[in-house]
Amino acid sequence: MSSNHLHLKLRQTQQLSQNLQYSLRVLQMSGQEIEREVEEWLADNPLLERVATDDAPLEAGRLSAAISQTHRNVGGDDAENAWENIAKEDDLYAYLHAQVCEHPLSDVEAAHVHILIDFLDEHGYLTESVDEIIENTPLEWMLSEEDIEQAIENLQSFDPAGIATTNLEQSLLHQLARLPASLERRCAAQIVQSHLSELKQGNKQNATFLAKKLPDYDVETIQAALEMIGELNPYPAYGFVNNDPISYINPEIIVKEGKNGWYVQSNDAMFPRIEINSELTDILNQTEQIDSVWKEKVAEAKQKLDILTLRKSTIMRIAEYLVEKQQDFFDFGEIGLVPMLLKECAQHLNLAESTISRAVNQKYLSCPRGIFPMRYFFSQTAVTGEDDEGISQNVIKAVMVQLIDTEDKSRPYSDNELMKLLQRQGINISRRTVAKYRDLLHIASASGRKN
């Protein structure tokens, strides 16, 4: 008797675990993915039907420049199944994920590369540092610097050439490294490393100009090197469908301004609404002996409704926390962003950090400033200001852009001058960090910006 009782308890625990895993998978799905999933539920279970609604889909708004990659993070209980959810479109991320099995990687190395792919920006660059990647992944994944550095090295061997590099210069160098060795290739690498910002687009005098800087090469070799550089992709992601903003993105969350500030509203068109068919359930309730298959269908239908309700509730709770923390962003734009970490949100909502990560995966927020991925608002603290409050990296970048946009184009600010200007505004970072952020923003050095 005791052995049977123990066996029953083990089966219940396993079933609960399976339900939880499936609920987490549904939470991670994008709007398009959950719509396809619900269609499969409806086709498989006659007890489920759509709720009749007159709600019209959200009108297409302008797409924000903040829209970038869709992070499809993997980890925890559903790691082995998560890649079944990847869309089949010929986009950069699907293309890279599909390549993982083609490389001699261990299961752990492959999982780390999958994670890293989702941190690439829309150009195919890896603009976040190793520390930032670790900071923005759940603690239970237990990623180390060595794990990420190895994943970067592995991913950079994938196609297209230049993928997972940090900027244009590094991307071009990686692309050149895959070409056959030659004098022209060596010259091209030297041009990219030392003189890329000095080149004038379409200027036929570039070769003559560089001949004075590169005495080891004749003009013909330099011209051939320039032509070689011109055939490279400025962005590794060039040519993939994700290279351009996609007009069919519809946000799950709408942020509006009211009398008491900004508030959250759900875009119900992006949350599938289904219910249990009352006519069929009435018939089943009147039946004396219900077949076990129908009992399973009833239990399954209730489970699906609970999963959808929990998914919407979780996304809404996170959105409300996000908007409460980021009120200044909606008033003033990127300059108003405050540092906000996944773990802080998890602690506030009493949820697991991995649950927050899944919930903001491929979910979008619409506001008067545009459409943004929800993950965009979770940023690491970069420095501490004069009042000991953290300053978001996105804020620093926004201030730098403002300074550069208003500079005298005949005498653009050097990195050292930008550092001093930032310090006057209470942002204490080094000249090297200024140069790093400038590169991440794809802004040329002072000599390259001079008119």
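Leaving aside neighbours within four places in sequence, which residues is aspartate 44 in contact with?

Figure 1. The structure is a predicted model in which local features need pLDDT of at least 70 and side-chain atom pairs count only at pLDDT 80 or more, while totals for chains, interfaces and linings use all residues. Residues are numbered from 1 along each chain as its sequence is written, and side-chain values use heavy atoms, with hydrogens and water left out. Aspartate 44 belongs to helix α2, which covers residues 31-44; helices (H or I, at least four residues) and strands (E, at least two) are DSSP runs numbered from the N terminus. Apart from neighbours within four places in sequence, aspartate 44 is in contact with Lys297 and Glu300, where contact means heavy atoms within 4.5 Å. Aspartate 44 and lysine 297 are 253 residues apart in sequence, yet their C-alpha atoms are 9.2 Å apart in space. With a relative accessibility of 44%, aspartate 44 counts as partly exposed, a class that lies between buried (under 20% relative accessible area) and exposed (over 50%), using a 1.4 Å probe and protein chains only.

**Figure 2. The protein as a whole, as a setting for the close-up views.** The secondary structure comes to 19 helices and 8 strands, and buried residues make up 46% of the 451 residues in the protein. Among contacts between residues at least 6 apart in sequence, 68% join residues at least 24 apart. The protein exposes about 24,000 Å², and carbon and sulfur atoms supply 48% of this area; accessible areas come from the Shrake-Rupley method with a 1.4 Å probe, and for residues only the protein chains shown count as cover.

**Figure 3. Helix α8 and its buried residues.** Helix α8 has 12 residues, 183-194, which at 1.5 Å a residue should span 16 Å, and its end C-alpha atoms are 17 Å apart, which agrees; the expected span is 1.5 Å times one less than the number of residues. The buried residues of α8 are Cys187, Ala188, Ile191 and Val192. They cover an arc of only 135° around the axis, which puts them on the same side of α8, the arc being that of the directions from the helix axis to the C-beta atoms. An α-helix has 3.6 residues a turn, so residues three or four places apart point the same way. The buried residues of α8 pack against α7 (168-177), α9 (206-213) and α10 (219-230).

**Figure 4. Helix α9 and the face lined by its buried residues.** In α9 the buried residues are Asn206, Ala207 and Leu210. Seen down the axis of α9, these residues fall within an arc of 90°, so they line one face of the helix. The packing partners of the buried residues of α9 are α8 and α10.

**Figure 5. The packing of helices α4 and α6.** Helix α4 (residues 107-117) and helix α6 (residues 145-155) pack at an angle of about 80°, with their axes 9 Å apart; axes are lines fitted to C-alpha atoms, for helices over the stretch in contact, and angles run from 0 to 180 degrees between N-to-C directions. The two helices α4 and α6 are therefore roughly perpendicular to each other, a term for angles of 65 to 115 degrees. Residues of α4 that take part, including His112, Val113 and Leu116, meet residues of α6, among them Ile148, Ala151 and Ile152.

**Figure 6. The packing of helices α16 and α18.** The axes of helix α16 (residues 393-405) and helix α18 (residues 431-440) come within 10 Å and cross at roughly 85°. That makes α16 roughly perpendicular to α18. Gln393, Ile396, Lys397 and Met400 in α16 meet Val434, Tyr437, Arg438 and Leu440 in α18.

Figure 7. Most residues other than glycine have a negative phi, and most peptide bonds are trans. The peptide bond from aspartate 159 to proline 160 is cis, with omega near 0°, and proline 160 lies in the loop between α6 and α7. Asparagine 350, although not a glycine, has a positive phi of about 60°; its place is in the loop between α14 and α15, and asparagine 350 is exposed, with a relative accessible area of 70%. Glutamine 362 also has a positive phi, near 60°, and is found in the loop between α15 and β5 (364-367), but at 11% relative accessibility glutamine 362 counts as buried.

Definitions and conventions: Parallel < 35°, antiparallel > 145°, perpendicular 65-115°, else oblique.
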